[in-house]
Amino acid sequence: MTKKVGVLALQGAVSEHISQINQLGGQGIAVKTPADLAQVQGLIIPGGESTAISRLIQQVNLYEPIQEFAKTNPVFGTCAGLILCGSGITDGGEKLKPLNLIDIAVTRNGFGRQVDSFEVDLDIENVGKAIPSVFIRAPFIATVGQGVKALATYEDKIVMAEQGNILVSSFHPELTDNNQVIGYFMSKISG
């Protein structure tokens, strides 16, 4: 059975995620409504502008459905998606309503502005060594709660973590040809 993996399609790198899901033998589906969400077994919340995505999630009535979905299905937040999946923000973000899916506090733009974007190879626990990772106005995980496992760090900052079926990364795994990170997420989806 083909795994149906949703990509929250309100803003951000939607087609790149869908492309990697399809390359890995899954079926990538753009999620814009609660009805779309009901069709998938896993959900990726991509990068973009976290405050805008937060507002759009509420506008299209996906806030509570995503929280319910995450209780039994894997969710992966990348970059802005990491910020949205977290439980707290250390630097502002008053207009942002986090989904509270993973017990982490996040520092937005933790590695600087757009001009400070960079690519680095990371060793990621459970995934592999020297995984190419693209950081664009990337956040980092400032603190983790009990039960949260750090999977990768860069400059002593946590940049990938998981708690149960929730996975988050500061970087954009969809912007490289390496699909091991998305593959790891898809391995969490039953079916």
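# Legends to close-up views of the predicted model

View 1. Glu-49 itself belongs to the loop that runs between β3 and α3. The residue is partly exposed, since its relative accessible area of 28% falls between the limits of 20% and 50%. When residues up to four places away in sequence are not counted, Glu-49 touches Gln-11, Ala-80 and Arg-137. Ser-50 lies in helix α3. With a relative accessibility of 5%, Ser-50 counts as buried. Leaving aside neighbours within four places in sequence, the contacts of Ser-50 are with Ala-80, Ile-83, Leu-84, Leu-96 and Arg-108.

**View 2. Residues listed by UniProt under "binding site".** The unreviewed UniProt entry gives this feature for Gly-48, Glu-49, Ser-50, Arg-108, Ile-136 and Arg-137. Although these positions span 90 residues in sequence, no two of their C-alpha atoms are more than 12.9 Å apart, so they gather at one spot. The lining of the largest pocket includes Gly-48, Glu-49, Ser-50, Arg-108, Ile-136 and Arg-137.

**View 3. Residues listed by UniProt under "active site".** Which positions carry this annotation in the unreviewed entry? UniProt places the feature at Cys-79, His-172 and Glu-174. These residues span 96 residues in sequence, yet no two of their C-alpha atoms are more than 11.0 Å apart, so they gather at one spot. Of these residues, Cys-79 and His-172 are included in the lining of the largest pocket.

View 4. Cys-79 is found in the loop between β4 and α5 (80-85). Is Cys-79 buried or exposed? Its relative accessibility is 5%, under the limit of 20%, so Cys-79 counts as buried. Residues up to four places away in sequence not being counted, Cys-79 touches Gly-47, then Ile-136, Arg-137, Ala-138 and Pro-139, and also Ser-169, Ser-170, Phe-171 and His-172.

View 5. Glu-174 lies in the loop between β12 (166-169) and α6, and is buried with a relative accessible area of 5%. Leaving aside its neighbours within four places in sequence, Glu-174 is in contact with Ala-13, Glu-16, His-17, Gln-20 and Thr-78. The side chains of Glu-174 and His-17 are joined by a polar contact of 3.3 Å. Gln-20, which lies in helix α1, counts as buried at 4% relative accessibility. Beyond four places in sequence, Gln-20 touches Pro-173, Glu-174, Thr-176, Asn-178, Asn-179 and Ile-182.

**View 6. The buried side of helix α1.** Val-14, His-17, Ile-18, Gln-20 and Ile-21 are the buried residues of helix α1, which comprises residues 14-23. They cover an arc of only 160° around the axis, which puts them on the same side of α1. These buried residues pack against the strands β1 (4-8), β2 (27-31), β3 (42-45) and β4 (75-78), and against helix α6 (180-187). The face of α1 turned away from the buried side carries the exposed residues Ser-15 and Gln-23. Just after α1, Gly-25 takes a positive phi of about 90°.

**View 7. The buried face of helix α4.** Tyr-63, Ile-66, Phe-69 and Ala-70 are buried in helix α4, which comprises residues 63-72. Down the axis of α4, its buried residues fall within an arc of 125°, so they line one face of the helix. The elements that cover them include β1, α2 (34-37), β3, α3 (50-59), β4 and β12. Lys-71 and Thr-72 are exposed on the other side of α4.

**View 8. The chain as context for the close-ups.** The secondary structure comes to six helices and twelve strands. The C-alpha trace spans about 40 × 35 × 35 Å along its principal axes. For 191 residues, a compact globule would have a radius of gyration near 16 Å, and the 15 Å of this chain agrees with that value. Buried residues make up 52% of the 191 residues. Among contacts between residues at least 6 apart in sequence, 66% join residues at least 24 apart.

Terms used
Residues numbered from 1 in each chain as written. Predicted model: local features only at pLDDT ≥ 70, side-chain atom pairs only at ≥ 80, totals over all residues. Heavy atoms only, no water. Buried < 20%, exposed > 50% of the residue type's maximum accessible area, 1.4 Å probe, protein only. Helix = DSSP H or I, 4+ residues; strand = E, 2+ residues; numbered from the N terminus. Arc of directions from axis to C-beta. Contact = heavy atoms within 4.5 Å. UniProt positions renumbered as here; feature names shortened; annotations may be inferred. 1 Å grid on protein atoms, 1.4 Å probe; cavity = no way out; pocket = protein on both sides within 12 Å on 5 of 7 lines; lining within 4 Å. Polar contact = N/O pair within 3.5 Å; in protein donor to acceptor, adjacent residues only side chain to side chain. Rg over C-alpha atoms; globule rule 2.2 N^0.38 Å.
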